[in-house]
Amino acid sequence: MHRHLRSKGIRCSRKRVARLMREEEIRAKKKRRFRVTTDSNHSYPIAPNRLKRRFGVEEVAGTDQVWVSDITYVPTREG
């Protein structure tokens, strides 16, 4: 914040900016650590693509015959 204010031509000290931010309970948003959630390099079998990118239900099998879901990230105790 101090650097940004100085670049805009506003004269201020780093400690003053820190004090004012503390008084107003303003905190910097911390960058989240990158987490790998998918292990694509595994030896498990891959499920066949039964839809073959035909997403219209009537094209494949009819109503209530095709169900899909997305489990991109499911937390487990194993990590």
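The structure, a predicted model, holds one salt bridge. Its partners are the side chains of Glu-23 and Arg-19. The N to O distance is 3.2 Å, which falls within the 4 Å cut-off for such a contact. Both residues belong to helix H2, which spans residues 14-23. They sit four residues apart in that helix, so about one helical turn separates them. Glu-23 has a relative accessibility of 52% and therefore counts as exposed, the threshold being over 50%. Arg-19 reaches 34% and counts as partly exposed.

The chain contains three helices and zero strands. Along the sequence, the elements follow the pattern α-α-α. Burial was examined next. Of the 79 residues, 6% count as buried, a class that requires a relative accessible area under 20%. The chain exposes about 9000 Å². Carbon and sulfur atoms supply 51% of that area.

The average pLDDT is 81, and 86% of the residues score at least 70. Confidence is highest in H2, with a mean of 94. The salt bridge between Glu-23 and Arg-19 lies in this helix. Confidence is lowest in helix H3, residues 57-60, where the mean is 66. Where pLDDT is low, the predicted coordinates should not be read in detail.

The loop between H2 and H3 was considered at two positions. Glu-25 lies in this loop. Its phi is near 55°, a positive value in a residue other than glycine. Most residues other than glycine have a negative phi. Glu-25 is exposed, with a relative accessible area of 64%. The threshold for that class is over 50%.

Thr-38 is found in the loop between H2 and H3 as well. Its relative accessibility is 48%, so Thr-38 counts as partly exposed. The value falls between the 20% and 50% limits of that class. Val-74 is 36 residues away from Thr-38 along the chain. The C-alpha atoms of the two residues are separated by 10.0 Å.

How values were computed. Residues are numbered from 1 along each chain as its sequence is written. This is a predicted model: local features need pLDDT of at least 70, side-chain atom pairs count only at pLDDT 80 or more; totals for chains, interfaces and linings use all residues. Side-chain values use heavy atoms; hydrogens and water are left out. Buried means under 20% relative accessible area, exposed over 50%, partly exposed in between (1.4 Å probe, protein chains only). pLDDT is the predictor's confidence in each residue, from 0 to 100. Accessible areas come from the Shrake-Rupley method with a 1.4 Å probe; for residues, only the protein chains shown count as cover.
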